[in-house]
Amino acid sequence: EEIMLFKKKEPVIRRSGHPYEGRFLQPLAVAIVSAVLVGLILIMGFLDIRRNEINLVGFLEGQAQSTIGLLQRLTEDNLKSIVATPGKTQAVTKTASQQEADYSKKLVVEAITALGQKIDEQLRKKTLTNAYLAKMAELNNFWYVAVLNREGNAVYQSRPLKTDILDAADLFIDGRRATTIELLEKIRVKRGIGFVGLRRKDGSSTVVINLDKEGLKYWSIKVAVDRGINKMGEGQGIVYMQVLDDRKKPLAILGKMPSGLTGKDFNYDAILKGRLTLVSRKVDVENKKILDIAAPFVMDKKVAGIVRIGLDRGSMDTIIAENQHNIFIFMFLVVVIALLSMWLLYHDQNRHLAGIIEMERRLEKAERLSSLGQLAAGVAHEIRNPLNAISMATQRLKRDFGPSDEAKAREFQNLSTVIRDEI
């Protein structure tokens, strides 16, 4: 006969014998998962806010580009009118385009005349100096500026007149040295450098402003840009708009530039060279929230200058603030829901797992009892076999080997019966 051996089954989750009171999901693990989830939600919220801000800035930049494009078209039309060659048509039969050209040229003369009147005002106040004229000539791209006396000679001038561009014979008229006004006339005829003269009614003085080709181009573009800006007018959220030429000299301005804004705010050289198409920055100056934008000013498919435009971003900031408020509320609600869900998961998971482990413990106990019963049955079986052999041997002794003496035979029968009964 074989003896049956029973091996105890290992439980899935080892626990002590007392009722289960542990935690399957540790608090630290739940905290880490919750922190990661909250962090992801916050990152997504901030990225969404940033994306909205970029979209709004892009919208304002697009509006600025549209405004600059309109200004470029108006400027090109005005410049064509200014440089148009006068025709032979009589004034009474001039077309609208010819009248527009005459008006544009008149504006150039009027703009230069206004500066001549300022010079004359300084002369009246006796504050006029050569340095004042030199600075005015530099700022306004004039070739030469002077105040002449009755005889036509320069009393004040921006610099000494360049007579080396004339022949030696041109410096004298009828054996005398030519006056400044006579030299200027010869320079106009031979070198094409014209001038605008403003003479007082009493003839005591004359203000002369000379323009070479570069100066004439500068003032033609200046007036063309100024007319374009005036046609556009203010509005559309424009706080200011400034146009500079390719030498960074101002051509025209709309509105008032806030103090604190300078040409060093942007890389003008990179814009003029075409390396930058549009740059912007947010500034807060003089209690104004402005999106400061700089872009190239293109004429005839070439970069002719720089446009700097400031757009009011108050409405943009309001929209961004509202979006931030809504996103923060949404994020808060999502975080609360996420934390509540994690807590419920933690609580429910541990409750169910505790029940499963307790059930396993009961099954393990029942299995141990069953194994013990099977072991007891096997032991009983193994003990019963030799007892049966003894009982059978006793019966055989009683039957075959009983003594012949009656007294001994009776005693033998009693002993055999006792042994068999005990078995």
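Student: Let's start with Leu47: buried or exposed, and how do you know?

Tutor: Keep in mind that this is a predicted model. Leu47 has a relative accessible area of 52%, and exposed means over 50%, so Leu47 counts as exposed.

Student: Where does Leu47 sit, and what patch is it part of?

Tutor: Leu47 lies in helix α1, residues 27-83. Together with Ile32, Val36, Leu40 and Ile43, Leu47 forms a nonpolar patch on the surface, and the five share about 470 Å² of accessible area.

Student: On to charges. What makes Arg50 and Glu53 a salt bridge?

Tutor: Their closest N and O atoms are 3.8 Å apart. The cut-off is within 4 Å, so the pair of Arg50 and Glu53 qualifies. In general, side chains of opposite charge can pair when their charged atoms come close.

Student: How are Arg50 and Glu53 placed along helix α1?

Tutor: They are three residues apart in α1, so about one helical turn separates them.

Student: Why is Glu53 called buried while Arg50 is called partly exposed?

Tutor: Glu53 has a relative accessible area of 14%, and buried means under 20%, so Glu53 is buried. Arg50 comes in at 46%; that falls between the 20% and 50% limits, so Arg50 is partly exposed.

Student: What about Glu182 and Arg176: how do you know they pair?

Tutor: The closest N and O atoms of Glu182 and Arg176 are 2.9 Å apart, and a salt bridge needs them within 4 Å, so that one counts too.

Student: How many salt bridges does the structure hold?

Tutor: The structure holds 17.

Student: Why are α7 and α8 called roughly antiparallel?

Tutor: The axes of α7 and helix α8, residues 406-422, come within 9 Å and cross at roughly 165°. That makes the two roughly antiparallel, because the label applies to angles over 145 degrees. As for handedness, α7 passes α8 in a left-handed crossing.

Student: What makes the backbone at Lys126 and Lys248 worth a look?

Tutor: Most residues other than glycine have a negative phi. Lys126 is not a glycine, yet has a positive phi of about 60°. Lys248 is not a glycine either, and has a positive phi of about 65°.

Student: Where are those two lysines, Lys126 and Lys248?

Tutor: Lys126 lies in the loop between α2 (96-124) and α3 (130-140), while Lys248 lies in the loop between β7 (238-245) and β8 (250-255).

Key: Residues numbered from 1 in each chain as written. Predicted model: local features only at pLDDT ≥ 70, side-chain atom pairs only at ≥ 80, totals over all residues. Heavy atoms only, no water. Patch = residues over 30% accessible without salt bridge, like charges linked within 9 Å, V, L, I, M, F, W, Y side chains within 5 Å. Areas by Shrake-Rupley, 256 points an atom, 1.4 Å probe, with all protein chains shown as cover. Salt bridge = Lys/Arg side-chain N within 4 Å of Asp/Glu carboxyl O. Helix = DSSP H or I, 4+ residues; strand = E, 2+ residues; numbered from the N terminus. Buried < 20%, exposed > 50% of the residue type's maximum accessible area, 1.4 Å probe, protein only. Axes fitted to C-alpha atoms, helices over the stretch in contact; angles between N-to-C directions. Parallel < 35°, antiparallel > 145°, perpendicular 65-115°, else oblique. Left-handed = near helix turned anticlockwise from the far one by under 90°.
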